[in-house]
Amino acid sequence: MGTELVNEPALWELARGGDSGAFAMLYDRHRDRVFGQALRLMRSPHDAEDVTAMVFLELWRRRKIVTLVNETLIGWLLVTTNNVSHNFVRSMRRYKAVIDRIPPAEPEGAHDFDRVDEEIDSAGRGRSVGSAFAQLSANDQNIITLCVLEEFSLAEAAAALRIPVGTVKSRLSRAKQRLSALTTEDIQRTAITSGGAK
Amino acid sequence: MTETPKFDPQRSAAIRHLLIENVEAEPKRRTSHLRALLAGLIITGVVASGSTALALNRDSLFGAPAPSTGVEVSTPPTPTASVTTPPAQETESPARISVATAPIVPQDIATQPTGPTWSLQPPGLGEPGKLVGSIDISEDYALISVAPEHGADLTSESLPASTSSLSVTLVNTRTGDQVWSREWHWDLEAGVSSADARALVLGTSGRVLVVTTGSENGPREVLDLSTGTAVAAFQPAEPGETLKKVSVVPGDSGDVYATLAQRDDQGDVLPYSLVKRFDPANTTDAQWVTRIDAAGVNVGDSGNDIGYAKVTYYAGDPQQSGNGVLDLATGAFVARPEPFEYYPFTGYTIRSNPDEAGGSSTLTGLDDDGNTLWTRTETGLAQVDEVLTSAAIPGSPRWSTVGTGQFVVVSANGVALVDGLTGSTIWQAALADWKLEYPSVPLRFEAQGDVLTVTNFGGSPSSLVDLTTGAWMGFSPWDISYETSGAEYAYRSIDGQVSAIDKISGEVIWTTDLAADSLFFAGGRLVATEGNTLRSVG
């Protein structure tokens, strides 16, 4: 139940009908959450920015079939963020002409990668979870994104992913197990490499 | 504490500009004078055609109407021709099959099955980018659809599809007999990567609507439920109209209400939409047509047998958006200035109105005629969830289950179990006792005997609660991970084996070798899919 002033279904109707201003408002509204999700999957914030751009380009390209869940686009956008991140190279090919027009990112080196990892997940375990999350399949990432990170209801996640509620539950449980296993592996690996053999 | 990376403002502005350019580069849209129109438009309410007087007698449903400055327009539809399509492939004598009126209880398999007793291959099942769906018709009968999955081209390594397909098959899930099956293939228009094509059961009318949105080339037909034969073509849109959404009017009318966006001769979006109620087999004779003066309009599904739907609309400025209620009997529309939500639960509907500051929420129980049953005030933003059973609602997608007549309110004051018809509190519990915080994570409540299972989707274990007292019994002894849920057992498929598990104790009742991509109840019978095959489990 929302108390927001902006009526997103109506805003989306206008945007996909060709109102560029309405589309820009949707970008303003959801940019940060899409960017935040992309940061979980990309090592560089500049790649995450490119992913964000491509997600909204996808939103426009696929405007005839995009569906709102609980009157918001955010579920579709986050799932698409996962998909675009997974297919980053292919997506870049599709949108190369457009992405090339975005001002180039500031030069970044290994130090920046370290900084980004540090900034996203300052704690070691958090970093491990982030790393493990990036290793999950797109299906697992979608489930974790919606049900855990974004706290979608069972029905909302089911509607966003167009799968039955029971499947959401089972996929969620398995995705959590895989995330937990990957996190444990990563922590153990980190422990071995950083301080193991003396 | 480290700082979260921020979006580079210069790159963000450039992306924003590119997106605007990208939208405006699309031919056939000239939005400048649309925006000029919108700039002068004040949307605070909308008047509809039809019997407004009748609607306004239902104040308990609509509440006090907002001041209206909209203009009434009622447009009679132009005639359209019916189209007959080839008959369905029938493999069983066409006995009349109708949608059940009573909930369909899933038939548990209590002992280890010896193996599938039947299997069949619905067209398209197992193909990439396809999603299997099931609608329970009655005990032993289900409508199985294999439909395009949104977003399939993004996760596939192949290029975006240029064609799409849909199949709908009526199956006797006890015997495995295919009563009829229909299949459609079509070319997608340039720029369209997949379409939303689906089957909708038209209440208890004995008909099915196959409808596509997002692609004008996809199937739009009315089918006879018993035979699958086409009764008529579904032609909802007149020239200049684009079908946005179709929803079923509950009951036996077989009617639908459709939202149609409007464009002028140049293809520009006009700042209003029409909502029409008609028999999909005869769209020329609309029961009512309601114009809503806003470019963006979304009409919700009504749910239950309730005779109204929530409408949200937007006029181009955030200050000019709003909510309203559409009376499905008359087409009358009443704007409501305050935020609200409807929760269509079994046997009653709840309207929730949070106050502007979020300090409290007013819950109003409504019967199917929109009359007020009760009113409650909750502290803070109340989260309302129906207590569910495992029984399916006939004519609805497979995950729609029947409620017990009770619902749970999670508010700043704690957790309360409430009777849906009287609004009276049956018991109350402290959030801490249930290991919950406020605002709560998403929860699902399912009753089984005297136990309430509280499934927690925020990462914490699920809990068991005494349904008669609200006393927390402890965390669930298992992880409540399953594909589908029966009356007493849940079923899951892992590594080529299907297991039945006691939903309360977590005890594994049986395990059998059976590979399954998905498990679900259809017509009350447990079925599985693997590749291109649908088969029984036992």
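**A strand and its two partners**

Modeller: Keep in mind that this is a predicted model. Start with pairing: E28(B) runs antiparallel to strand E29 of chain B, residues 463–466, and four bridges join them.

Biologist: Which residue of E29(B) stands opposite B:Leu452?

Modeller: B:Val465 does.

Biologist: Which strand pairs with E28(B) over six bridges?

Modeller: Strand E27 of chain B, residues 443–448. The sense is again antiparallel. Here B:Arg444 faces B:Thr455 of E28(B).

Biologist: How many residues lie between the strands in the hairpin of E27(B) and E28(B)?

Modeller: Two. B:Gly449 has a positive phi near 60°.

Biologist: Now burial. Is E28(B) mostly covered or mostly open?

Modeller: Mostly covered. Buried here means under 20% relative accessible area. Strand E28 of chain B spans residues 451–456, and six of its six residues are buried.

Biologist: Which residues point which way from E28(B)?

Modeller: Sort the side chains by direction. B:Val451, B:Thr453 and B:Thr455 point one way. B:Leu452, B:Val454 and B:Asn456 point the other way. Both sets are buried.

Biologist: What is the setting in chain B as a whole?

Modeller: Count the elements: chain B has five helices and 37 strands. Of its 538 residues, 58% count as buried.

Notes:
Residues are numbered from 1 along each chain as its sequence is written. Chains are lettered from A and ligands numbered from 1 in the order in which they are written. This is a predicted model: local features need pLDDT of at least 70, side-chain atom pairs count only at pLDDT 80 or more; totals for chains, interfaces and linings use all residues. Side-chain values use heavy atoms; hydrogens and water are left out. Buried means under 20% relative accessible area, exposed over 50%, partly exposed in between (1.4 Å probe, protein chains only). Two strands pair if DSSP finds at least two bridges between them.
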